[in-house]
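This report describes one protein for a reader new to structural work. Please examine the sequence and the structure shown here before reading on.

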Amino acid sequence: MLTKDEIISTMSAQGLRITDQRKTLATLFSENEGYLSPKDVYEYMGKKYSGLSFDTVYRNLRVMQELGVLEQVSFEDGMKFKVSCNEHHHHHHMICLNCQKTLPISFCPMQMTDTTDQFQIVEHKFEIFGYCKDCQQKNGHNKSNSDGGFSQTSSHTHSHGGY
């Protein structure tokens, strides 16, 4: 997980002005291991910065995601953001639907995809949602399998975009 200083350093190195609001965002994400919705971030920031617009918060989240300091994941209840993990190579995640514990998957399924000359991949995303071992035991989801302690859910979502 990136630290506050690493987030700020990355933003600064890309030419972003480091405002108090961006420092607060860096602190919020570096101290929070879970996923935050834009609304969560807006409500948190609104307590410290009166008059702050939702558009400003969302724009900053998108900029931070484009710089690679935040990761964006589409949950059933909407888009959420989390500080990027310290994996410095291309990877994907398994995400617990209960506690949002996130485990990296170093293997990329795109390597097994046959891409023809008729399709140019510009981005892709691959997340596996289920229940971690701890949440399975706490909540009676005892369908443990060999997939790193995650159970398969009945819903099946694909999100493919950039490479």
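The structure itself is a predicted model.

## Surface and overall make-up

For this protein, the accessible surface comes to about 10,300 Å². Carbon and sulfur atoms account for 46% of that surface. Of the 163 residues in the protein, 36% are buried.

The protein contains 5 helices and 5 strands. Followed along the sequence, these elements give the pattern α-α-α-α-β-β-β-β-β-α. Contacts were also examined between residues at least 6 apart in sequence, and 50% of these join residues at least 24 apart.

## The sheet of three strands

In which order do the strands of the open sheet of 3 strands lie? The order is β4-β3-β5, and the pairing is mixed. The edge strands are β4, residues 102-105, and β5, residues 127-130, each of which pairs on one side only. On average, neighbouring strands of this sheet are turned by 20 degrees against each other, when direction is ignored.

Strands of a sheet pair through backbone hydrogen bonds, and the pairing may be parallel or antiparallel. Strand β3, which spans residues 92-96, pairs with β5 in the parallel sense over 4 bridges. Histidine 93 stands opposite glutamate 127, a residue of β5.

## The two sides of helix α3

Helix α3 runs over residues 38-48, and its residues Pro38, Val41 and Met45 are buried. Why do they lie on the same side of α3? They cover an arc of only 65 degrees around the axis, and therefore share one side of the helix. A general rule applies here: an α-helix has 3.6 residues a turn, so residues three or four places apart point the same way.

The cover over the buried residues of α3 includes helix α2 (20-30), helix α4 (54-66) and strand β2 (78-83). On the face of α3 turned away from its buried side are the exposed residues Lys39 and Lys47.

## Glutamine 65 in helix α4

Helix α4, one of the elements covering the buried residues of α3, contains glutamine 65. Is glutamine 65 buried or exposed? Its relative accessibility is 19%. A residue is called buried when this value is under 20%, and glutamine 65 therefore counts as buried.

Which residues does glutamine 65 touch, not counting those up to four places away in sequence? Glutamine 65 touches Leu70, Gln72 and Phe81.

Definitions and conventions:
Residues numbered from 1 in each chain as written. Predicted model: local features only at pLDDT ≥ 70, side-chain atom pairs only at ≥ 80, totals over all residues. Heavy atoms only, no water. Pairing = 2+ DSSP bridges. Axes fitted to C-alpha atoms, helices over the stretch in contact; angles between N-to-C directions. Buried < 20%, exposed > 50% of the residue type's maximum accessible area, 1.4 Å probe, protein only. Contact = heavy atoms within 4.5 Å. Areas by Shrake-Rupley, 256 points an atom, 1.4 Å probe, with all protein chains shown as cover. Arc of directions from axis to C-beta.
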